[in-house]
Amino acid sequence: MRPGLLLVNTGSPASPQTADVKQYLTRSLSDPNITTLPPALWQPLLRGLILPLRTWHSAACYRDSWLAAGSPLVIRSRQIRDLVQANLPHWKVSLAMTYGEPAIGQTLKHMAAAGCPQVIVLPLFPQYTQRTHQSILTQAETSDVPITFIKHFYDEPDYLQLLADQVQASYDQHNYDRVIFSYHSIPTAMVRHGDPYLQECLATTKAVLQRLPDLPAERVSTAFQSNFGPLPWLKPALKTELMTLVEKGQRNVLIVTPSVVVDCLATIEEDHIQNYQTFRASGGNRFDLVPPMNDNPRFSQFLADLATRWWAAQIHDA
């Protein structure tokens, strides 16, 4: 029996053209796991207001960040897949996207046909939330291929040490007034309904700080970004936090994005352009980002080791 590992990321439009972006947004934002609103309320709001306003703006952002080889998120995710495959030469390591191609169900069926009757599914999101993981799990389960689902890895010591090392390397470059751990936001209603995401985000920040004894806790804060729509989302919003810091005279900031493992619109467009411009226009000075994991070989080795441990536990239990 050949071990199989399926890495999953969110996905990207087929191209940065408006029609493809609209198709991608329609599919992703129609996912019932994205919002707590009933479809009867959400769909008219989505199609009548959000899509008309968001599609053009998102298409412009995708065009600005698009590379010759395609979407940065897809390119970086493929690099991780290839590095993990090199670390697991006797495995079959594949990549799929929640929205877009390659699809999760079809990829799992191809893996089963290639001799992987049991596949470990590993979402490339350290912290669990319904908005990302539940759709992956649902698609994987409907493929009728037996799977083992890794729910999160935010509390894995090797991952936390790697994240801490990346923060330290960036922090050592300059004299920062503030280090902001900025996580992708989710609707507050999801947290009220039991989603553990907020708890896992705060635990990530705390665990990383425990590995950075030279970084004063009073210089660290947690914020959230990438919210949209009319409902309340987790706060403080990163953009608001940036303006508040400038008002307090803290004009040199370092941003950490632990919920994002590859460069995508959140880092390339939202942070490097939009939030940077907001910060500078408010009177800020230095605005730097800790790079996501991307093709860091230590991260790919961590994913390979994580999958190996889960596979060994599965064999032992059997």
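This is a predicted model: local features need pLDDT of at least 70, side-chain atom pairs count only at pLDDT 80 or more; totals for chains, interfaces and linings use all residues.
Residues are numbered from 1 along each chain as its sequence is written, and side-chain values use heavy atoms, with hydrogens and water left out. Helices (H or I, at least four residues) and strands (E, at least two) are DSSP runs numbered from the N terminus.

**Helix packing**

- Axes here are lines fitted to C-alpha atoms, for helices over the stretch in contact, and angles run from 0 to 180 degrees between N-to-C directions. Angles under 35 degrees count as roughly parallel, over 145 as roughly antiparallel, 65 to 115 as roughly perpendicular and the rest as oblique.
- Contact means heavy atoms within 4.5 Å. For residue classes, Ala, Val, Leu, Ile, Met, Phe, Trp, Tyr, Cys and Pro count as nonpolar, Asp, Glu, Lys and Arg as charged, and the others, Gly among them, as polar.
- A crossing is right-handed if the near helix is turned clockwise from the far one by less than a right angle, and left-handed if anticlockwise.
- Helix 1 and helix 2 pack with their axes 9 Å apart at an angle of about 135 degrees, which makes helix 1 oblique to helix 2, and the crossing is right-handed.
- On the helix 1 side of this contact are residues including Val-21, Tyr-24 and Leu-25, and on the helix 2 side residues including Trp-42, Ile-50 and Tyr-62; by class, the contact has ten nonpolar, four polar and four charged residues.
- The axes of helix 4 (residues 104-113) and helix 5 (residues 130-141) come within 8 Å and cross at roughly 45 degrees, so helix 4 is oblique to helix 5, again with a right-handed crossing.
- In that pair, Ile-104, Gly-105 and Leu-108 of helix 4 meet Ile-136, Gln-139 and Ala-140 of helix 5, a contact made up of four nonpolar, two polar and no charged residues.
- Helix 6 (residues 157-171) and helix 8 (residues 197-210) have axes that come within 9 Å and cross at roughly 70 degrees, which makes helix 6 roughly perpendicular to helix 8; this crossing is right-handed.
- Leu-160, Leu-163 and Ala-164 in helix 6 meet Thr-204, Ala-207 and Val-208 in helix 8, and these residues divide into five nonpolar, one polar and no charged.

**Nonpolar cores**

- A nonpolar core is a set of buried Ala, Val, Leu, Ile, Met, Phe, Trp, Tyr and Cys residues joined through side-chain atoms within 4.5 Å, where buried means under 20% relative accessible area, exposed over 50%, and partly exposed in between (1.4 Å probe, protein chains only).
- The largest nonpolar core has 55 residues, and those with the most contacts inside it are Leu-5, Leu-7, Val-84 and Phe-299.
- Leaving out residues up to four places away in sequence, Leu-5 touches residues including Val-84, Trp-91, Met-111, Ile-120 and Ala-307.

- Glu-101 and Pro-102 are joined by a cis peptide bond with omega of about -5 degrees, and Pro-102 is found in the loop between strand 2 (92-97) and helix 4.
- A cis peptide bond also joins Lys-235 and Pro-236, with omega of about 10 degrees, and Pro-236 lies in the loop between strand 6 (220-225) and helix 9 (238-247).
- Ser-226, which lies in the loop between strand 6 and helix 9, has a positive phi of about 70 degrees although it is not a glycine, and at 14% relative accessibility Ser-226 counts as buried.
- Asn-294, in the loop between strand 8 (286-289) and helix 11 (297-317), has a positive phi near 45 degrees in a residue other than glycine, and at 6% relative accessibility Asn-294 counts as buried.

**Other loop residues**

- Asn-296 is placed in the loop between strand 8 and helix 11 and is buried, with a relative accessible area of 19%; leaving aside neighbours within four places in sequence, Asn-296 is in contact with Leu-162 and Gln-166.
- Thr-36 lies in the loop between helix 1 (18-29) and helix 2 (39-65), and at 32% relative accessibility Thr-36 counts as partly exposed.
- Not counting residues up to four places away in sequence, Thr-36 touches Ala-189, Met-190, His-193 and Leu-231.
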